[in-house]
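Trainee: I am new to this structure and would like to understand the terms used for its surface and its inner spaces. Could we go through them one by one?

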Amino acid sequence: MNRKLTVGERVMYVSSEAPVNCIFPVKIKGQINQERLEQALLKLQLKHPLLRVVIREDEKGAPYYVTDTQIAPIPIDIRERYTNDDWQQVSVDEWYRPFEVTKGPLARVVWLKSDMVSELLLVCPHCICDGSSILTLLRELLMGLDNPLLDLPPYPSFENVSELLPLSLLGNKKFKLRATVIGKIAGVVLWLKTRGLKPVTSRGYLLNWKLSQELSNTLVYRCKEEGTSLFAAISVAFLEAFRQVRPSQAHNKLICPVDIRRFVPEIAQDELFAFAPIVELSADTSALNDFWSKTRSFKNDLMAKIDKINIHELLYMGEHFHSSLPRMVTFLKTTEGTHDVTLSNMGKLHLPESFETFELETVYSPSAGFPWRNPNTLVASTYKGLLDFTFISNEAFLPESDARAIQMKAISILQEKSRIKQTYGVKG
């Protein structure tokens, strides 16, 4: 492979000194065999082309993925485990621990080890994987750790974005001219908006919590009963929590990344890819509508906006923004945006619930330490029926005390609204 990073990959790359790192932790009961862990990682590396590349920059500073046939194995960093919460501080530390992108590989595992309980933290630069990709890596890692005979067939990676686009678009000269003009205008606009602005540097923090089994179950049931989605309920609850805790700063806006694979069949479900288009959503704030009416409206709005996404045009257009990328990164680092939070809903995690050689006690929603001025990110996932949340921000943008108040308010809203109507006679 020798290809330029796409615009989506390039934004998450940021720079060779400070790529955005994703961390996906799991808690395991039982003894982990180090040799098996090394073998499982080798199988991942042999399957996925992006685990065998380094990143090199050309004379203009544009980064490229370049396959390295002599690349080192994915390293395992073994540390002593002291408490159940060690993984949280290690996650935050791993946000700021850069990869040697010119040497590779672009993945590592931190193993917090004790006699019978361990946490494995899978760490990858965000530029090689979205949420679906790192979940795939975690699933294959655990299955390979459990079963040394697991077969993971390799696949070829695309060499150019044009391989993912229809010929009708590639041959459209008018659209190419339009994309070129928009790309140049965007560069000027971003330069004007970021003149004189400087990034705010502040170390991030991570909050993680799970809903009880009872609340997780009743919330899922109530969403089905009300004809809405769990994502909509979580979104409306958190937007309301932001509004109540920070009324003067709240925007009532949420950003949601969308899995590209539903639009581009050339990218298989188990292939690594890092570009996720986003939609921006708001909750109905009318006092005339109850919570569940608002979630149904939110769900319908999300579906309508996803249906309008033309991912092929976005990919094509993005390739004309490469000259503006440094300004785009500066824009994200220096402006607060107009949204309260980015919500990544991973849904029910497609991970086995039982293994032969160990017990996967729990999975924690992954995190990423974004260097943006507005780093507010909420990741939600479900494993073994338990809803898990990870919230990421930094003290300069959102004081941790406010984040905890938002967390508690959102939980309170979900508790109140998840009561079963027939049992309690409560209107949502």
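Mentor: The largest cavity is lined by Arg3, Glu9, Pro49, Leu50, Tyr155, Pro156, Ser157, Phe158, Ile267, Glu271, Leu272 and Phe273. This is a predicted model, in which local features need pLDDT of at least 70 and side-chain atom pairs count only at pLDDT 80 or more, while totals for chains, interfaces and linings use all residues. Residues are numbered from 1 along each chain as its sequence is written, and side-chain values use heavy atoms, with hydrogens and water left out.

Trainee: What makes a space a cavity and not a pocket?

Mentor: On a 1 Å grid over the protein atoms alone, a cavity is a set of points where a 1.4 Å probe fits but cannot get out, whereas a pocket is an open set with protein on both sides within 12 Å along at least five of seven lines; a lining residue has an atom within 4 Å of a point. About 100 Å³ of space lies in the largest cavity, and about 390 Å³ in the second largest pocket. Among the 24 residues lining that pocket, Tyr96, Ser202, Gly369, Phe370 and Pro371 are the closest to its centre.

Trainee: Why is Val189 called partly exposed?

Mentor: Buried means under 20% relative accessible area and exposed means over 50%, with partly exposed in between (1.4 Å probe, protein chains only). Val189 has a relative accessible area of 36%, and is therefore partly exposed.

How values were computed. Grid points are joined across faces, edges and corners, and a volume is the space filled by probe spheres set on the points.
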